[in-house]
Amino acid sequence: MSAPTRRQPKGIRTGGQFAATGRGEVDVEVDTSASVQELRQRAVDAMVDRHGPDAEGPARANVERLTDKALPLYVVLAENPASHLPPESLNDLAARGFGEAEVLEMASYRWSRHRPLHSVLNRSDVTPERFRMIQDRLIPIVDHLDPNDHWAREAIWESPDPAALADRLEDAPPRERARILYLDAHPERAERLAEADAHSITDPVVIQLPTDLAQVRRVADAIDVPEREAMEVVRRGFSPESARYFGKRLARSARLDQRDINRLENNGLRRADIKAAMSVFPYEEAERVAQIVEARPGSKVSDIRRYAAVVEESHANLSADKVAYLMSTLSLDEIDAYPGAVSSSSDVEGNAQAVRTLIDAGYLSSEQLDERLEGAIEALAEHNRRGTAARLRAAAATVHLTDQRMRELSRAGVPQDEMASISADQDAWTAGAKFREEYAEARRRGLVSRYCPDEWPWNEQTYRTEER
């Protein structure tokens, strides 16, 4: 069985990890203007192939700013999946002796987390030889460390003697390698490492960021979270006691931090109420949480969840302000007294206000309201009216009318949702004329039940009496 063929990037000749082009023996460096023009066109064509026709103009402008020595570097990056560099950066790399293979390695996605481009471009002391040594000996070692270990990644470029550092790392036990890297160019970090040891902090991200390590340890122990999560809780201002009170979920990820909570408490809100509101709406800002608390102080988490469930049932967008309005308008018992009424449409606020109006008028339940409407509203007058929300609001709008007035208007043909627009001194039979015409038309077109009478069952003499 033959050995598999190693894929070679386009434009880089085979013959070892760095072929001749990477050692300064660049065969494509040409002095004739024809060859330079050919390379320029090749670079432009590659950019157009990758990015479309709109890339042609910028590509031509870029190749005109390249030195002849940097032009092959641009071609290699254009023809391979790698980061692009501005012409000035490529001119600098070419002048420092970097070849195509080395630049492609620096720009390849494989090494992106070691930031070779950033490090080489910003450190004039990184020669091609130093880069190759870092790539061959130091990067493989750092690859086995935490990928978020910034000090370790930084050390391979900052080391005063990378070769000596590589020797020490190769001889050291794996658990000691990170410490060696940390101190190689920065011996002053020993104090921070000693502090980390004192508090049993081992996460490199926590050690390297300016965080109170003692507080991180106390928070980690208080709510049983990893050091990095404890660090975020500390940075959000929570003490161990406060973090334990609010719980790891809210302390770690709620939108409110300890400063927001302190501000709400200073405004007179109870901590228990703040926690309850945050438990249901962990990602709301302080003002919305305050609305929930102020709407009905002392509410339990389960109560707030029930209010939220009513809003969700209505298919309205669940938001803290809708829930706060509902909480401030109706108690849970009042919502239960009108089952399904508040959630019968997406206008939760309008439905809640209608229920409030009915309750304030003395209709404490939907059963009481039905008893009133049963004797006052004729079904024929409501033949083209549908929807619980419409009926609810119509009932709320007519609570000021007497049963007798509602009965007369209904028998005259006026639907309940139109009754509030009829003035008290207006004749009911005259007001209902257009609605009776609508009924007659609907009957002719078969839009009402076949069991409904062909003619309106009351007339001007009988609509005020019990007769038909």
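Glu102, Glu129 and Arg132 are linked in a network of salt bridges. The model is predicted, and 36 salt bridges are found in the structure. Its largest nonpolar core has 142 residues. The largest pocket has a volume of about 460 Å³, and a search of the whole structure also turns up two cavities of 30 Å³ or more.

**Salt bridges**

- Side chains of opposite charge can pair when their charged atoms come close.
- Arg192 pairs with Glu195 in a salt bridge, with the closest N and O atoms 3.5 Å apart.
- Both residues sit in helix H11 (residues 190-198); because they are three residues apart there, about one helical turn separates Arg192 from Glu195.
- Arg192 has 18% relative accessibility, so Arg192 counts as buried.
- Glu195 has 31% relative accessibility and therefore counts as partly exposed.
- Arg411 forms a salt bridge with Glu378, and their closest N and O atoms are 3.3 Å apart.
- This pair links distant parts of the chain: Arg411 belongs to helix H25 (residues 403-411), while Glu378 lies in the loop between H23 and H24, 33 residues apart.
- Arg411 and Glu378 are both buried.
- Arg464 forms a salt bridge with Asp427, with 3.5 Å between the closest N and O atoms.
- Here too the pair links distant parts of the chain, 37 residues apart: Arg464 is in the segment after helix H28 (433-444), and Asp427 is in the loop between H26 and helix H27 (428-431).
- Arg464 counts as partly exposed because its relative accessibility is 46%.
- Asp427, at 30% relative accessibility, also counts as partly exposed.

**Nonpolar core**

- Within the largest nonpolar core, the residues that touch the most other members are Leu90, Leu181, Met278, Ile292, Leu326 and Tyr338.
- Leaving out residues up to four places away in sequence, Leu90 touches Leu66, Ala70, Leu73, Tyr74, Leu77, Leu85 and Val103.

**Largest pocket**

- The lining of the largest pocket has 20 residues.
- Nearest the centre of this pocket lie Asp370, Leu373, Arg391, Leu392 and Gln416.
- Helix H23 (366-376), helix H24 (388-397) and helix H26 (416-419) are the elements that give two or more residues to the lining.
- H24 supplies the largest share of the pocket lining, with six residues.
- By class, the pocket lining has ten nonpolar, three polar and seven charged residues.

**Cavities**

- The largest cavity holds about 50 Å³ of space.
- At least two lining residues come from each of helix H17 (271-280) and helix H18 (286-295).
- H17 gives the most to this lining, with three residues.
- Seven residues of the lining of the largest cavity are nonpolar, two are polar and two are charged.
- The second largest cavity holds about 30 Å³ of space.
- The second largest cavity is lined by Ala381, His383, Asn384, Arg385, Gly413, Pro415, Phe435, Glu438 and Trp456.
- Four residues in the lining of the second largest cavity are nonpolar, three are polar and two are charged.

**Backbone: positive phi**

- Ser200 has phi near 55°, a positive value in a residue other than glycine.
- Ser200 is placed in the loop between H11 and helix H12 (204-208).
- With a relative accessible area of 47%, Ser200 is partly exposed.
- His315 has phi near 65°, again a positive value in a residue other than glycine.
- His315 lies in the loop between helix H19 (301-313) and helix H20 (320-329).
- His315 counts as exposed because its relative accessibility is 73%, and the cut-off for exposed is over 50%.

Notes:
Residues are numbered from 1 along each chain as its sequence is written. This is a predicted model: local features need pLDDT of at least 70, side-chain atom pairs count only at pLDDT 80 or more; totals for chains, interfaces and linings use all residues. Side-chain values use heavy atoms; hydrogens and water are left out. On a 1 Å grid over the protein atoms alone, a cavity is a set of points where a 1.4 Å probe fits but cannot get out, and a pocket is an open set with protein on both sides within 12 Å along at least five of seven lines; lining residues have an atom within 4 Å of a point. Grid points are joined across faces, edges and corners, and a volume is the space filled by probe spheres set on the points. Helices (H or I, at least four residues) and strands (E, at least two) are DSSP runs, numbered from the N terminus. Ala, Val, Leu, Ile, Met, Phe, Trp, Tyr, Cys and Pro count as nonpolar, Asp, Glu, Lys and Arg as charged, and the others, Gly among them, as polar. A nonpolar core is a set of buried Ala, Val, Leu, Ile, Met, Phe, Trp, Tyr and Cys residues joined through side-chain atoms within 4.5 Å. Buried means under 20% relative accessible area, exposed over 50%, partly exposed in between (1.4 Å probe, protein chains only). Contact means heavy atoms within 4.5 Å. A salt bridge is a side-chain nitrogen of Lys or Arg within 4 Å of a carboxyl oxygen of Asp or Glu.
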